Amino acid sequence: MGSDDRLRIRWHDPLPEGRRVVLRHRASGETRPAPVAADRRSLEVDVGDLAAGTWEPLIEVDGEADAAADRSGNGSVAGTARPILTDDPGFSLDGLRAYADRPRDRAVQAVRTRKGHARLRVRAVSPHAEVAAVHPRDGEIRIDGWLAYTGPRAGETARLVAAPRDGGAAVTGEAALDGTGFRGRLAVDALAAAEPALWDLWLDVGDVHARLGTWLDDAPGKRGKLSYPRQVAAPGGREMAVRPYYTERDQLAVSCRPVGDDGA
């Protein structure tokens with residue numbers, strides 16, 4: 001599956017005559033043809049306009065399909081198609097980065113099921129700020145990452161925004177762009193000077209308001225598995241513990257609590 005939204009499948013041996021490949025939407029049953037190349041060892045098809053959901057690449061057999069349609073009485077070809085087996089895991093961090101570096105509102109991902117079947121997962125997407133590294137030290141929280149699904153934002157200014165979850169004034173920090181990559185920082189003192197809060201983090205670039213999180217990897221469910229050290233600040237004489245953390249949705253946030261009450 002390339003960043004150009006073209007699905008490519010290759011076989012070691014030619015696909016036998018009388019067999020064709022279709023893509024079937026699991027929820028609706030809609031099918032799309034996927035023509036095989038002349039040598040019958042490969043196919044390449046544009047999948048950028050597929051409806052959201054799971055699509056199965058299937059091999060259908062001529063003759064069997066006609067017989068099944070006669071038996072069902074409704075032209076159905078259910079039961080005549082065979083899933084395509086693959087040993088390709090369909091996962092590449094570099095590939096995900098290249099795919100998300102392009103502006104898009106729909107993402108198509110090729111995956112391999114536990115049974116070894118090829119699948120396509122199609123979902124709507126919106127811009128977000130993919131977090132690659134978090135460095136809480138020296139009175140700052142430094143965050144490295146890249147903008148997903150927007151493309152490069154040349155010439156536009158950027159800033160990190162920490163918004164208190166229960167409402168109130170936001171705290172802003174510096175951010176710099178390099179292509180789709182960004183580096184930002186938030187001052188711990190600025191967060192500690194506010195009332196105790198949970199802060200949701202955003203990257204503002206031009207008209208894009210992108211939530212910070214880490215989704216384009218192979219490690220979902222980071223809460224409880226990945227933790228960061230706290231930093232203590234007392235800008236108003238009250239010691240506050242400031243700590244980045246991941247939410248249940250793998251969004252990056254910051255907890256700011258009085259020292260002694262930050263364990264939760």
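**Arginine 223**

I began with the contacts of arginine 223 (contact means heavy atoms within 4.5 Å). Leaving aside neighbours within four places in sequence, I found arginine 223 in contact with Tyr246, Thr247, Glu248 and Asp250. I then looked up the spacing of one of these pairs. Arginine 223 and tyrosine 246 are 23 residues apart in sequence, and their C-alpha atoms are 5.2 Å apart in space. Arginine 223 sits in the loop between strand 15 (208-213) and strand 16 (231-233). Helices (H or I, at least four residues) and strands (E, at least two) are DSSP runs, numbered from the N terminus.

Buried means under 20% relative accessible area, exposed over 50%, and partly exposed in between (1.4 Å probe, protein chains only).

**What I am reading**

This is a predicted model, where local features need pLDDT of at least 70, side-chain atom pairs count only at pLDDT 80 or more, and totals for chains, interfaces and linings use all residues. Residues are numbered from 1 along each chain as its sequence is written, and side-chain values use heavy atoms, with hydrogens and water left out.

**Salt bridges**

How many salt bridges does a search of the whole structure find? It finds 24. The test is a side-chain nitrogen of Lys or Arg within 4 Å of a carboxyl oxygen of Asp or Glu.

I looked up glutamate 44 and arginine 8. Their side chains meet in a salt bridge at 3.6 Å, N to O. This pair links distant parts of the chain, 36 residues apart: glutamate 44 is in strand 4 (residues 42-46) and arginine 8 in strand 1 (residues 6-10). Glutamate 44 is partly exposed at 39% relative accessibility. Arginine 8 is partly exposed as well, at 30%.

Next came aspartate 204 and arginine 159. Their side chains form a salt bridge at 3.7 Å, N to O. The pair also links distant parts of the chain: aspartate 204 lies in strand 14 (residues 197-205), arginine 159 in strand 11 (residues 158-164), 45 residues apart. Aspartate 204 is buried, at 16% relative accessibility. Arginine 159 is partly exposed, at 41%.

I also noted a network. Salt bridges that share partners join Arg137, Asp138, Glu140, Arg142 and Arg185. Within it, glutamate 140 bridges to arginine 142, with the closest N and O atoms 2.9 Å apart. Glutamate 140 is buried at 17%, while arginine 142 is partly exposed at 24%.

**Helix 2**

Which residues of helix 2 (residues 93-100) are buried? I found Leu96, Tyr99 and Ala100. They cover an arc of only 90° around the axis, so they lie on the same side of helix 2. The arc is taken from the directions from the helix axis to the C-beta atoms. These buried residues pack against strand 7 (106-112) and strand 10 (140-148).

**The largest pocket**

Last, I checked the largest pocket. A pocket is an open set of points on a 1 Å grid over the protein atoms alone, where a 1.4 Å probe fits, with protein on both sides within 12 Å along at least five of seven lines; lining residues have an atom within 4 Å of a point. The volume of the largest pocket is about 1100 Å³, counted as the space filled by probe spheres set on the points, which are joined across faces, edges and corners.

Its lining has 44 residues, and Asp88, Gly90, Phe91, Ala110 and Val111 lie nearest the centre. Among the elements giving two or more residues to this lining are helix 2 and strand 7.
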